[in-house]
Amino acid sequence: MIEIPGAILVSGNLVHDIVVRPASEIRFGGTIWVDRIEQHMGGNGASTSYAAALLGAPVRLIGMIGDDDFGLQIRTRLASAGVDVSLLATNVEHGTASSVVIVREDGARAFLHKPGVSSVAFAPPFSITQASAAGCSHYHLANPYSLPHVRPIAGRLLREAKELGLTTSLDTAWDSRGEWMQVLEPCLAHLDLLFVNEEEARLLTGADDPESAARHFLNAGAGSVVIKLGARGAVVFGKDRLDVPAHVVDAADTTGAGDCFAGALLAGLYHGYPPRRAMQLANAAGALSVSRVGATSGLLPLAETLDWAASSSPTPCR
């Protein structure tokens, strides 16, 4: 895996989440009573940055919010964790991206999403520049599928980061347009680390097992591939295979767990952890994330996360 000796530059979306739980159906023409309706910070860029910063890594986030209360709340929460928000743009014509997240009793989710500023964020001539990357040693692209203007330039952004001497990573997430490999393929030759979950790996490659999917990504140029397996933990494919089991928790809300996992893994690498220990930190952050409603509500600072992980027995990785 990679080393991250300096700050982490992240680009991605920021979303205001309205989380409704629990609800197993939507009944038009009727009313469903639920236990909780809450507002939280979400979005792949925001959640990844928050997790990495809370766990002690210096993080700078490039993204866009609206000129509204939701945007101000997100900016304030990120800054409270130590995220450098100096490159967080504010758009006065479009509101902050927002989602209604409907969560079942088992933690599974359905989303109603309004893109808002995500529809105009990172518009041309956006680039990764020496100025934006100053002091950084790593660039992470959080979910290019969520940002229309990033889709066609994702590969170029990663190439620019590499040309500036940064290591790179990308987390895929869901592609609502079904363009999957059309967006990802140009990125792989410029990627040191690819994050993808099991279902996304299958849709991207057509492979039914993680190892075959990872081999596809590696053959196309990715340095290492981390496949997130949910309750079964995660596995890294590169020079060697590394399986790391998950922690047993009651899932309240799985929103943002993959982003928190990615942010925590990057933080572990920043701290100089060997791959297994960095993956253990990532699995702990993912478990803490799903233990509470809201993408980042369950996260703890580094020392508390390590204490929690030490006291929580992970399940065998099958």
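A search of the whole structure finds 0 disulfides, a disulfide being a pair of cysteine sulfur atoms within 2.5 Å. This is a predicted model, in which local features need pLDDT of at least 70 and side-chain atom pairs count only at pLDDT 80 or more, while totals for chains, interfaces and linings use all residues. Residues are numbered from 1 along each chain as its sequence is written, and side-chain values use heavy atoms, with hydrogens and water left out.

Cys136 counts as buried at 11% relative accessibility. Buried here means under 20% relative accessible area; exposed means over 50%, and partly exposed lies in between (1.4 Å probe, protein chains only). Cys187 is buried too, with a relative accessible area of 0%.

Now follow strand S8, residues 136-142. Strands (E, at least two residues) and helices (H or I, at least four) are DSSP runs, numbered from the N terminus. Is S8 mostly covered or mostly open? Strand S8 is mostly covered, with 7 of its 7 residues buried.

S8 belongs to an open sheet of 9 strands with mixed pairing. The order is S5-S4-S1-S8-S9-S10-S11-S12-S13. Two strands pair if DSSP finds at least two bridges between them. The edges are strand S5 (88-91) and strand S13 (241-244), each pairing on one side only. Neighbouring strands of this sheet are turned by 15° against each other on average, direction ignored. The axes behind such angles are lines fitted to C-alpha atoms, for helices over the stretch in contact, and angles run from 0 to 180 degrees between N-to-C directions.

Look at both sides of S8. Strand S1 (residues 7-11) pairs with S8 in the parallel sense over 5 bridges. Ile8 has His138 in S8 as its bridge partner. S8 and S9 also run parallel, joined by 5 bridges. Here Tyr139 is partnered by Thr168 in S9. In a regular strand, side chains alternate between the two faces of the sheet.

S8, helix H3 (residues 154-163) and S9 form a right-handed β-α-β unit. Right-handed means that, with the strands pointing away from the viewer, the path from the first strand over the helix to the second runs clockwise. Continue from S9 (residues 167-171) to S10 (residues 193-197): 3 bridges join these strands, which run parallel. Leu170 has Leu194 in S10 as its bridge partner.

Next, Ser99. This residue sits in strand S6 (residues 97-103). Ser99 counts as buried, at 6% relative accessibility. What does the side chain of Ser99 make a polar contact with? The partner is the side chain of His113, at 2.7 Å. A polar contact is a pair of N or O atoms within 3.5 Å; within protein, one must be able to donate a hydrogen and the other to accept it, and residues adjacent in sequence count only if both atoms are side-chain atoms.

Finish at Thr296, in the loop between helix H8 (275-290) and helix H9 (302-311). Thr296 counts as buried at 2% relative accessibility. Leaving aside neighbours within four places in sequence, Thr296 is in contact (heavy atoms within 4.5 Å) with Met41, Ser47, Tyr50, Arg77 and Cys260.
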